[in-house]
Structures are given as C-alpha cells and as structure tokens.
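This briefing goes through selected features of one protein chain, grouped by topic. Please keep the sequence and the 3D view open while reading.

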Amino acid sequence: MKKCAEGAAAFLLLLVAGSVSAVGKTPADDGIPALLKFAEQQAVVSAPSVAEKAPSASPPVAAKPKPSIVPREEAARLMALNQTLRQQAEVIQQQADTVRRLERLLAVQATVPPSTAPAVVDIRPLAAALKGIRRAIAPPPDLIAMAASLARQQRIAGEQKQRLQQLSRQLVRLQQPPALVSDADKQAYAAGVSLGRDILQLQEQNQQLGIEADRPRLLAGIADTLNGKPRLDNATIDSALLAADSALQQAHRQRQQSLQQDGKAYLADFATRPGVQKDALGFYYHVDYVGSGQIDEGDNVSIVVRESLPDGTVIKDMELAGTTISLPLAQYPPLFRAAIGKLDKHGSITLVVPPALAYGEKGSPPAIPPGATMIYTLRVADVLPPDKERQK
C-alpha cells in the first residue's frame, strides 16, 4: 500500500508539474467565465468526502458572447486578441483534462483501505496551478478599456440620435406655415414679403456685378437677428460688412470701366451701320419703321420704350410689362421728343445715346453705372388729338 501511495504521489507531482508549465504561458484572456469551474474542483481535491463522488463531468462550453460593434481602427487588434484567446482556451482544456485524471486517481486511492500510516498527498502544486489558471482567464486591461470605449461610443451615439430626432421634430414645426387669419397676421406677413422683395432685388443687382450671397446663411442672419441671438459679435459683423462693401465698390468700378469701353465700342459700331444717322442733339438713331399719319405738335402721344445697356442688360421693358406712357408731345424730354418727331403714327426707332444725354457720369445706381451709354427702342403705340375739355 505504501508503494502504491508513493506511486500515486509521484504521478500527482508529474501531473501538477505539467499543469504549472502550461500555466507559465500567460496568453490574453478570451473572457470565458465558465473556466472558473476549476475553483470548485480544487475544493473536491481538498475534501476526502467529496473525492469519493463520481468524477465530475467536463466543464460546460461557455456560450460565445455576442459580437459587439468595434470601431474600424480597433478591428485588427481585436482579431489578434481573439486568436490568442482561442489558443489559451485549448491550453485550459488540456489542464481541465489533467484535473479530471487527477480526480479519478484520488477516487481510486480512496477505495483502498487505510493503513496505519496513510500517505499524505501534497495538493499545494495543484492549488498553485489553479491560481495560475484564474490569473490566465482574467480579462486583460486592454480588452476592458476597449469594452469601456465601445460602451461610451454607444452612449454618445444614442444621445446624438435623440438630439437628431428633436431637431427633426422642430424642423417639421418650422416648415408648417403660420395661419394668416387676423388683419395683424396679414400686415406682418405683408411686411415680410416687402422685405423679401427688397432682398431679392438687391441680390439680383449684386449678381450682375458677379457677387452672390449664400441664401441659407442670409436667411439665418435675418432669423437670428429677429430672435435676438446673432452668432457673431458686433465687431465681427461690422468688419464683414466693411469687407463686403469694399468688394461691392470694386465690382462697381470694374463694371463701370467695362461698360464705358463697351459703350464707346457699341456706339462706334452702330454709327457705321446702314441707315444710321446722327441727330443734332448728339445721339445716333435708326428708323426701324416710319409709320403712317403725321403727328401734330399738340397731339397726345402714347409710346412704349425698352431701355438697355450695350452688354445686353435690359433695364426697363414697357413692352414686356404691358404698359404705355401718354403725354402731349411738347411735354416729353428733348431726347424723346426729337425721336418721336422723326416718326409717324405707330412708327418705331432705335436710339444709341451717349452718357451726356442719358444719366451722365453719376449714372442711376445700382442698375445703371456712371458713364453708361444707353440704348432705347421706342414705338409709338397710339396718337390722339388734343383733349378740348381739359384745355377749357
């Protein structure tokens, strides 16, 4: 019996030595908590009454945790950790097999009748091996930090999603037009329409100069000002307005120079066209259709005029607007009175007028720059005799 006990003790030491050498490798943890079952098996070895029981079943296979969403920059690192954890799981399984064999050996020894001097089995190596196993299966700090980072990112994503939903609901409310029921509602809305028209006209004029403001930011500035919450301080706003005014003035000067050059070139070219003549006032004209029926000095003459610049920009177009102007011939400005005098009823004429006979060096900002040559197409729409009743 003593030899048998000694042989068992020697075999136990060999098994424990093998377990310790395997535990000496400390791979990263795979996070499988089921491996803590070995702590219970240590208690089985320590208590003789428990050792008499049948060998315990192999540890259940722990369910793999659901994969969590890992940021792309940590995906490669996580894959390497998973590979190491799988290798550690294999080592731990081998240790589990060793522990089960040890339990079976102890169970066999328990069936042998005790002698007067029973052999003492030293289980301290086994306890050390189990301690090493517990250290091996503990989660590594990197994996814990990664899990905390993922949890933090998920929380932030949840908060951002809630904020986006709130903004979406606010946008839906803002997109619903307010009701226009009372007179005050209609007056406020009309004031907004008037302001919007002024802004659109200003934008169109700036576009002609090659300057275009971003409409969403323009509207945001109006809304923030009305709400009393501008996002820029007064110094920044003043600086931005000065820069915008400087750019606008520079664009005006460039356009003025360009129009003056274009006007001179257009006037020189127009003067060489067949049928073009120069009036004593200094403008050039071409009678497109002379008409029929003489216009007397006292007649009321209705005319339609189209005003444009040499680059083709249309300033006013009464034909397109469907309007006419009617005055006694003597009350028209000298330029147009001279043009009408060259026509009969329903005639039409084209005039190219130098700046001195039009808007001069000041122009008519913002549509007509200083020193602009003007082009007019004039048509006599109707001629009526003097109003005898008005003369009385």
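Which residue forms a salt bridge with Asp-97? The partner is Arg-100, and the closest N and O atoms of the two residues are 2.0 Å apart. The model is predicted, and the distances, angles and accessibilities below are to be read with that in mind.

**Salt bridges**

- A search of the whole structure finds seven salt bridges. Three of them are described here, beginning with the one between Asp-97 and Arg-100.
- Asp-97 and Arg-100 are three residues apart in helix 4 (residues 72-111), so about one helical turn separates them.
- An α-helix has 3.6 residues a turn, so residues three or four places apart point the same way.
- The two partners fall into separate accessibility classes: Asp-97 is partly exposed, with a relative accessible area of 27%, whereas Arg-100 has 13% and counts as buried.
- Asp-214 forms a salt bridge with Arg-217, with 2.9 Å between the closest N and O atoms. Asp-214 is partly exposed at 36% relative accessibility, while Arg-217 is exposed at 65%.
- Another salt bridge joins the side chains of Arg-273 and Asp-269, at 3.2 Å from N to O. Arg-273 is partly exposed at 36% relative accessibility, and Asp-269 is partly exposed at 41%.

**Aromatic pairs**

- A pair of aromatic rings is described by the distance of the centres and the angle of the planes.
- The count of aromatic pairs comes to three. One of them is the stacked pair of Tyr-266 and Phe-270, with 6.4 Å centre to centre and 10° between the planes.
- Tyr-266 and Phe-270 lie four residues apart in helix 9 (residues 234-271), and therefore about one helical turn separates them.
- Tyr-266 is partly exposed, with a relative accessible area of 22%. The cut-off for buried is under 20%, so the 22% of Tyr-266 places this residue in the partly exposed class. Phe-270, at 4%, counts as buried.
- Phe-283 and Tyr-285 form a tilted pair, with 6.1 Å centre to centre and 55° between the planes. Phe-283 is buried at 0% relative accessible area, and Tyr-285 is buried at 8%.

**Nonpolar core**

- The largest nonpolar core has 28 residues. Those with the most contacts inside this core are Val-301, Ile-340, Leu-351, Tyr-376 and Leu-378.
- Strand 3 (300-308), helix 11, strand 6 and strand 7 (374-384) are the elements that give two or more residues to this core.
- Which element gives the largest share of this core? Strand 7 does, with five residues.
- Beyond its neighbours within four places in sequence, Tyr-376 is in contact with Val-305, Arg-306, Glu-307, Leu-335, Phe-336, Ile-349, Thr-350, Leu-351, Val-353 and Tyr-359.

**Helix 6**

- The buried residues of helix 6 are Met-146, Ser-149 and Leu-150.

- Asn-206 belongs to helix 7 (residues 183-208). At 17% relative accessible area, Asn-206 is buried.
- Leaving aside neighbours within four places in sequence, Asn-206 is in contact with Ile-211 and Leu-248.
- The C-alpha atoms of Asn-206 and His-252 are separated by 9.4 Å, although the two residues are 46 residues apart along the chain.
- Asp-224 is found in helix 8 (residues 215-226). Is Asp-224 buried or exposed? At 19% relative accessibility, Asp-224 counts as buried, because the class covers values under 20%.
- Neighbours within four places in sequence set aside, the contacts of Asp-224 are Lys-229, Pro-230 and Arg-231.

**A backbone feature**

- Where is His-346 placed? His-346 is in the loop between helix 11 (334-340) and strand 6 (348-353).
- The phi of His-346 is near 65°, a positive value in a residue other than glycine.
- His-346 counts as partly exposed, at 44% relative accessibility.

How values were computed. Residues are numbered from 1 along each chain as its sequence is written. This is a predicted model: local features need pLDDT of at least 70, side-chain atom pairs count only at pLDDT 80 or more; totals for chains, interfaces and linings use all residues. Side-chain values use heavy atoms; hydrogens and water are left out. Buried means under 20% relative accessible area, exposed over 50%, partly exposed in between (1.4 Å probe, protein chains only). Contact means heavy atoms within 4.5 Å. Rings of Phe, Tyr and Trp (its six-membered ring) pair if their centres lie within 6.5 Å; planes under 30 degrees apart count as stacked, over 60 as edge-to-face and the rest as tilted. A salt bridge is a side-chain nitrogen of Lys or Arg within 4 Å of a carboxyl oxygen of Asp or Glu. A nonpolar core is a set of buried Ala, Val, Leu, Ile, Met, Phe, Trp, Tyr and Cys residues joined through side-chain atoms within 4.5 Å.
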